[in-house]
Amino acid sequence: MQYHSKQEETRREGEAMERAQQQSSDSILATLSVDLLIQILDRVADPRDRKSWRQVCRGFLLAEALRRRSLRVLRREALQGLLRRYAACLERLDLSACPALDDHALAAALAAGAGLWRLRSVNLSRASGVGWRGLAALAKACPHLEAVDLSHCVGVGDREAAALAAAAGLRELWLDKCLGLTDVGLAKVAVGCPALEMLGIKWCLEISDIGIELLAKKCQNLRVLDISYLKITNRSLQFVSSLGKLEDLSMVGCSHIDDAGLQFLNNGSNSLQSVDVSRCENVTSSGLISVIEGHKYLQNLNIGDCFPELAPLFLSKLNDLRDSLTVLKLDGFQVFAPSLKIIGLNCRNLVEIGLSKCKWVTDEGVSELVAGCVNLMTIDLTCCHLLTNKALAAIGDKCKNLTCLQLESCKLITDKGLDCIGTCCLNLEEIDLTDCTMTNAAMKYLSRCSELKVLKLGLCDKISDEGLVHIASNGKKLRVLDLYRCFEVTDDGLAAIATGCKRIKNLNLCYCTRITDLGLKHLSCLEDLLDLELRGVHYITSLGITAIANGCQHLTELDLKHCHLVDDAGLFALGQYTKNLRQANLSYCQVSSMGLCNLLSSLKCLQDVKLVHLTRVPVEGFESALRASGGRLKKLKLLTGLRHLLSPGLIQMLQAWGCRIRWVDKPLNLVP
């Protein structure tokens, strides 16, 4: 008894000391003003550190709430509480990744901060559950609203546009692929939001010349307009030409527009700085010449995949843009050396050139180009099959400020060419070597580029662990690494990457068949990893997936297709640890009903899942799992055979929730 009494006394003394220390700490923090705390917070750059900072005490939490201007919500159940906390100061709200968001949830969350909102920008892209009621609540609650993104909300139509038109101060609106939008809805927006400066209606196929005419009349302040893939005619460009402040016009794939339409732009104002007419199949060099003649200050010109060959008159007209043009994209053209020489002479201020899939681009042509365009920072030579190391030597010699180089499928380029780039282009941030004949020596040369952030090595089957060791030796800034079908890469190479490239966010290891669970254990220390592709990595099991789930808890996308040894244990780990997972491919995995149901019910952010050939899951298992998803799924991939086996009520319910189901026509083989 005496022993226990002393033990209890010691415990009480310890608790008293802890309380005293806490009170002392609180008293010190209490002396710091909110303004001073905000100044301290401004010096905390890492988002994870800021999260830890606001958890210290209420004073820190208050300072963070007063300082926060933007918020991205990942869970519907947290939405109302977060908006109540940040209502007074929040200016930018991103709900694009918030699953199962609907009118009721949005209206209720907005009501939490009634009268306090300073919101200026709201991102609702892909929020397919939001309709006119939610948008009406948004427009009413946020009088300062200036920007809304509803792109890829396929259910948005005229009624939703009318509700949003109540936000009279709107300056920026993105409605790309809102398939229900017609001229009527566009007219509502044009009349209700005359201050619009930026508008995207790409893929809104029901909009015609009538809608564009009213838009041009009512919204004279438009600076940016995207009408790509609309079924409009030249008449629309006649109306667009009246927009005196228009700077950026995109009309990709407008097949009914031709040179006569572009001639209208020549007669308009001289404000255009960027024009994109790529994939406009009826446009020729004659129409483009008229655009150049009417707009002497063009900075960005994209004419890719319009017509086969560059006319000499068009090339000479580029001289009119010699002081302004900085970006020129000629993807898909036949481009000969003399043409590139003229571009090099006439466009000396270019910082970006696009020659993707251009035929007849040779070493001589590239040399002539870079001799004049020494300020180039981005060069796209994708599928320019005639290029050799001589082209890279010229680029390295002339383009010292190069940051991005695309060389996919340039198979005549070897390691020697990368030696020039690694020596001369030390500011290189991105390089694509997919399907090139590179070896580990090329990786040694690229390791000199300490600014490298994106490295794509897909189909480079001679790259091994030795090459990854070179990259890791100076790869502290690497964010994206693509090793698709790099068969020689093993666990040792991943160990090097995990040690030297700790900030990687996207990693593609598809069909790297020598990787095992040990390699995934090495990768589990990559805390910033967001996207991991492991398709066809046959030797990994649930042990490796558990390590990834436990260590990479910020993971948002995971591809496990054809990982035949992954079973329920891996799914249970994902359900427990990867709470931010939004996209998963589980096709051909050996999972059962229990594992699938647990995953779909546990992951509140999961919105896109592929479930093809899950042979151990019966129809009843699919039913239970899909019902357990709670209306969060936006995309679902299933075998066609399940279409007539799943209950019609379930399919109707998923579609009512805004889930798009892709049915794959392959044989169905389920457990009996």
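**Figure 1. The annotated leucine-rich repeat region.** The UniProt annotation "domain: F-box/LRR-repeat protein 15-like leucin rich repeat", from an unreviewed entry, covers residues 218-298 and 427-601. UniProt positions follow the numbering used here, feature names are shortened, and annotations may be inferred rather than shown by experiment. This is a predicted model, in which local features need pLDDT of at least 70, side-chain atom pairs count only at pLDDT 80 or more, and totals for chains, interfaces and linings use all residues. Residues are numbered from 1 along each chain as its sequence is written, and side-chain values use heavy atoms, with hydrogens and water left out. Over residues 427-601 the chain is 35% helix and 12% strand. The end C-alpha atoms of that stretch are 46 Å apart. Helices (H or I, at least four residues) and strands (E, at least two) are DSSP runs, numbered from the N terminus.

**Figure 2. The F307 and F333 ring pair.** Rings of Phe, Tyr and Trp (its six-membered ring) pair if their centres lie within 6.5 Å; planes under 30 degrees apart count as stacked, over 60 as edge-to-face and the rest as tilted. The count by this rule is four aromatic pairs. In one of them, the ring centres of F307 and F333 are 4.9 Å apart and the planes stand at 85°, so the pair is edge-to-face. F307 sits in the loop between strand 10 (300-302) and helix 14 (312-317). F333 sits in the loop between strand 11 (327-329) and helix 15 (337-346), 26 residues apart from F307. Both F307 and F333 are buried. Buried means under 20% relative accessible area, exposed over 50%, partly exposed in between (1.4 Å probe, protein chains only).

Figure 3. Y484 is in the loop between strand 17 (480-482) and helix 21 (491-500), Y511 in the loop between strand 18 (506-508) and helix 22 (517-523), so the pair ties together parts 27 residues apart in sequence. Y484 is partly exposed at 27% relative accessibility. Y511 is buried, at 18%. R485 lies over the face of Y511, 4.2 Å from the ring centre. A charge sits over a ring if NZ of Lys or CZ of Arg is within 6 Å of the ring centre and within 35 degrees of the ring normal.

Figure 4. Strand 23 (residues 635-639) and strand 24 (residues 660-664) run parallel, joined by five bridges. Two strands pair if DSSP finds at least two bridges between them. K637 stands opposite R662 in strand 24. From strand 23 the chain passes through helix 27 (residues 648-656) to strand 24, in a right-handed β-α-β crossover. Right-handed means that, with the strands pointing away from the viewer, the path from the first strand over the helix to the second runs clockwise. Helix 26 (residues 619-628) has buried residues including F622 and L626. Its buried residues pack against helix 25 (593-602), strand 23 and helix 27. Contact means heavy atoms within 4.5 Å. G630 follows helix 26, with a positive phi near 65°.

**Figure 5. The surroundings of P99.** P99 lies in the loop between strand 2 (92-94) and helix 6 (103-111). P99 is buried, with a relative accessible area of 2%. Leaving aside neighbours within four places in sequence, its contacts include L74, K604 and R632.
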